[in-house]
Amino acid sequence: DKQRHRWLTKLSEATRIHVPEPIVQQVYQTLTLNNLQFLASSPDTAAYRPGQGGYCNFSMVYGWEASHFLSQMARQGYHAELTQVLDHLLTTQDKQGPEGEITDHDGCFRPHIHWMNETGAVMKIFAEYAFASGDFDRLRQDTDALLKAARWIQRQRNTTRDTLPNGERALHYGLLPKGRPHDWPINGHFLFSDTFTWSGLNRLAEAFDAAGLPDATWLREEADEYRACILSATRGSLKPHPNDPSKVWVPSDIYEDPAEAIKTTIFCGPNSLIASGILDADDELANQIEECLTAANCMSDRFAFRMRLMEDEGVRQIQMDAADGHVELFYVTLWDVPWHRLWVERGDLDKALNYFYMTLAYSTSRDLHLGQERFCPQLPWLTPWQPNASGNGRILSMILATLCFVRDNECHLLHGAPDAWFAARAPLGVAELWIGGTR
C-alpha cells in the first residue's frame, strides 16, 4: 500500500490525460511510472543515470535512446528528476569519443555507447529541458559545456570540407567524419549520425536564442549550414530503387550501392530524415522515402520497420523452432511514431490513427502494458528488450501529440484525436502539460 501510494502520488505530479479508452489511459500511466523507474542513483552521487532497460544493466545510458524519454519527462513536469539527470550527463563529457575517424574527443559526450550522434542527442536533452521547464538559468549554468560540445561538432565537420578535382564539393562536404552510426559494426557517412547530431545542435541554437545568450547567432548559422550540407548530400545520393526503378532509393550511407545495401540495410538513414525533423512536413522527399521503404518491403500500413530476422543466429533458430519454421519480426515504435507525427502534421489522420492503434497494440505487452522493442505476430508473447525506456518515450510522445500537437510554438488541441473519442461524450483532453515553461 505504501508503494502504491508513492507511485500514485508521482502520477499526480505529472501531466494527466483524459481519454474514453481505458487501455490508452492505462498505457500512458504505466509507461510514465516505468520511465521514473529507469532513473538509477547510487550512494556516492545525487545524480540520476537514465537507463534504457531491456536485457542490459538498467542503469546503462544510451544518450540517443535516453533523449526520447527524457524529453517527454520534461514535458510531463518531472523537472527535479531531470536536473539530476543533467548533472550526470555533464560527467560524461571529454572522456571518450565515438567510434569514428574523429580528430579528438574534447567536448563530445559519450554516456556509454559508441554512436556518432551521441553528442547531438545529449545537447538536445539539455535544450528540451530548458524549453519545457522554462529553466533557462540551468541552460546558462551549463553554457560552457554545451558550447564546448558544439565546437567539437564544428571541428569534426570542418575535416570533411573536401572539394573534387573539378572544384565541386564532395558529397560528404560538411558532414561528420566516417563513423559507427549505431550498434552494427559498420563505418561510413551515415545520415543517422548527421541528422540527429544536427537535431541537437539546432534545438540548442533555439534554446540559446530563447535565453538571450550571445552565442545564439553562430549556433544558428552553424545549424543552418549543417542542415544544408545534410540535405545536399541526401539529394545528391538518390538513385533508382533496385526493386522498382520508377522509385528513388534513399540511402543510409550516402555512398552505398543500392543493389548491395538492400540486402542488409536497416533503413536508418531515410527514417532519420523523418524522425529528426530536418525535413519540412510537405517536402516531396518525405513521399519518396515512404515509397522507397514500401518498395523494399520495410514499411506497410501497419508497421514502419519490418526486420528480416533476429540478428543473433542462435536466438533466430529458437524463434523459428517455436513458430514451426516461419517468423516475421517488426521493430516497433522506432520509426512508427515519427511517421505518425508527420501524418498528424499533414492532416492525414487516417494513416496517423492506423499507426496510433497499431503501435499501442504491438508495442506494449498484453498483461502489464510494458513497452517493448520488437513484435513477432507468430509469437505474440515474445517481447524482447522489455521494458524499454526509449520506446516508452516514443509512445508517450504519440499519445500526447494526439491530444495536443505542438507546431511552431502553437498548440493544436485534439488535432489527432479519433472521431470515436468525441462521439463518446466523455472527458477528453490533457492537463498540466509543460510547454514553453508553463503548463
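**Rings and helices**

The count comes to 20 aromatic pairs, where rings of Phe, Tyr and Trp (its six-membered ring) pair if their centres lie within 6.5 Å, and planes under 30 degrees apart count as stacked, over 60 as edge-to-face and the rest as tilted. This is a predicted model, in which local features need pLDDT of at least 70, side-chain atom pairs count only at pLDDT 80 or more, and totals for chains, interfaces and linings use all residues. Residues are numbered from 1 along each chain as its sequence is written, and side-chain values use heavy atoms, leaving out hydrogens and water.

Look for tryptophan 115 and phenylalanine 192, an edge-to-face pair with 6.1 Å centre to centre and 70 degrees between the planes. Tryptophan 115 sits in the loop between α4 (79-90) and α5 (118-133) and phenylalanine 192 in helix α8, so the pair ties together parts 77 residues apart in sequence. Helices here are DSSP runs (H or I, at least four residues), as are strands (E, at least two), numbered from the N terminus. Tryptophan 115 and phenylalanine 192 are both buried, meaning under 20% relative accessible area, with exposed over 50% and partly exposed in between (1.4 Å probe, protein chains only).

Helix α8 (residues 191-211) also packs with helix α7 (residues 143-158), at an angle of about 140 degrees and with the axes 11 Å apart. Axes are lines fitted to C-alpha atoms, for helices over the stretch in contact, and angles run from 0 to 180 degrees between N-to-C directions. α7 and α8 are therefore oblique to each other; angles under 35 degrees count as roughly parallel, over 145 as roughly antiparallel, 65 to 115 as roughly perpendicular and the rest as oblique.
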